[in-house]
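Welcome, and please open your viewer.

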Amino acid sequence: MRGLSGRTYIVTGAASGIGRATAARLAEEGATVMGADLTEPSGDDGWSFTTTDVTDEDAVARLVQAAVRLGGGVDGVVTAAGVAGGGAVHLVPRGEWERVLAVNLTGTFLVAKHVLAQMLRQPARADGQRGSVVTIASIEGLEGTAGGSAYSASKGGVVILTKNMAIDYAGRGIRVNAICPGFIETPAASDDPAFSDVRLSLTSQLSMTTHLSMTTQVYMGSPLWIWLKRQGRAHIHPRVTIQEPGGSLPAEARHPLTGGAHAGNT
Ligand SMILES: NC(=O)c1ccc[n+]([C@@H]2O[C@H](COP(=O)([O-])OP(=O)(O)OC[C@H]3O[C@@H](n4cnc5c(N)ncnc54)[C@H](O)[C@@H]3O)[C@@H](O)[C@H]2O)c1
């Protein structure tokens, strides 16, 4: 599988979970990958790394420059850096609210901002495309959930930010899409006590539907990222994608709770 050779991608949150699996999978596909996270991951998955706090705009600018030095440009980014957190609103300290919003929403904005600026500086490819931005939102950004507060608000912000970016850059050869995973077993989702209410709520919501499995192995999700990257001619914005059991993208994915269409290849 070398379908992405010659392409360069940035993946944030690359030290763990979804980001790490995404970076490894892109590298398997032959892409040059610059991972970013607060601390360097152990092991060698065949991709490069730059220590980056996505809430620090100077650090994000340096990350994009490092990717350009590595691969000669930036063809895509996956913004997987994120934190869980929240609780019932009357119990949430302002600092906790601001921490979650800073990483999940402002961090996504800053990374997208500097990657988009770089893509616009680059000449378009022969097919007129300049690149692809994939944000990792969450089903919680579409539906409220018990104890979600700060996390759900941050992911709802990512969803609408992504839709707006898709509109703004559609005419400039840049595809922008959000992925809204259900529950995926990763360190953040499994270990963080603040996530336990959310997990319970998702479990009860998702048990009402056959469209989403409660637990999806993180690697199983990766083909979805690759699928998005491969849609060179199929412009699939501005839609929000719902992950299906097993990670494959259905021709017509329906929102599990409302029945509305959220994914497509148009
Ligand atoms: N696991 C799930 O069930 C699930 C569901 C929906 C959405 N998501 C989202 O997917 C993304 C990845 O989650 P995950 O489950 O793989 O979590 P994870 O904790 O395994 O990985 C998140 C990574 O982000 C990094 N990170 C945190 N703050 C950062 C910062 N300021 N700068 C740079 N990196 C930072 C962490 O160090 C960590 O390595 C997150 O945005 C999460 O909200 C996860």
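The expected span of a helix is 1.5 Å times one less than its number of residues. Keep that in mind as you explore this predicted model.

**Stop one: helix H4.** Select residues 149-169, which form helix H4. H4 has 21 residues and reaches 30 Å from its first C-alpha to its last, close to the 30 Å expected. Now colour its buried residues, which include Ser149, Tyr151, Lys155, Val158, Met165 and Tyr169.

H3 and H4 pack at an angle of about 15 degrees, with their axes 8 Å apart. Angles under 35 degrees count as roughly parallel, so H3 is roughly parallel to H4. Among the residues that make the contact are Trp97, Leu101, Phe109 and Ala112 of H3, and Tyr151, Val158, Leu161 and Met165 of H4. H3 passes H4 in a right-handed crossing.

**Stop three: the core.** Next, select Tyr9, Ile10, Val11, Val33, Val77, Val115 and Val133. They have the most contacts inside the largest nonpolar core, which has 57 residues. Zoom in on Val133: leaving aside its neighbours within four places in sequence, Val133 is in contact with Gly76, Val77, Ala112, Val115, Leu116, Met165, Ile174 and Val176.

**Last stop: Ile18.** Find Ile18 in helix H1, residues 17-28. Is Ile18 buried or exposed? Ile18 counts as buried because it has 26 C-beta neighbours inside 10 Å. Finally, select Ala81 too: Ile18 and Ala81 are 63 residues apart in sequence and 8.9 Å apart in space, C-alpha to C-alpha.

Terms used:
Residues are numbered from 1 along each chain as its sequence is written. This is a predicted model: local features need pLDDT of at least 70, side-chain atom pairs count only at pLDDT 80 or more; totals for chains, interfaces and linings use all residues. A nonpolar core is a set of buried Ala, Val, Leu, Ile, Met, Phe, Trp, Tyr and Cys residues joined through C-beta atoms within 7 Å. A residue is buried if 20 or more other C-beta atoms lie within 10 Å of its own, exposed if 12 or fewer, and partly exposed in between; C-beta atoms are placed from the backbone. Two residues are in contact if their C-beta atoms, placed from the backbone, lie within 7 Å. Helices (H or I, at least four residues) and strands (E, at least two) are DSSP runs, numbered from the N terminus. Axes are lines fitted to C-alpha atoms, for helices over the stretch in contact, and angles run from 0 to 180 degrees between N-to-C directions. Angles under 35 degrees count as roughly parallel, over 145 as roughly antiparallel, 65 to 115 as roughly perpendicular and the rest as oblique. A crossing is left-handed if the near helix is turned anticlockwise from the far one by less than a right angle, and right-handed if clockwise.
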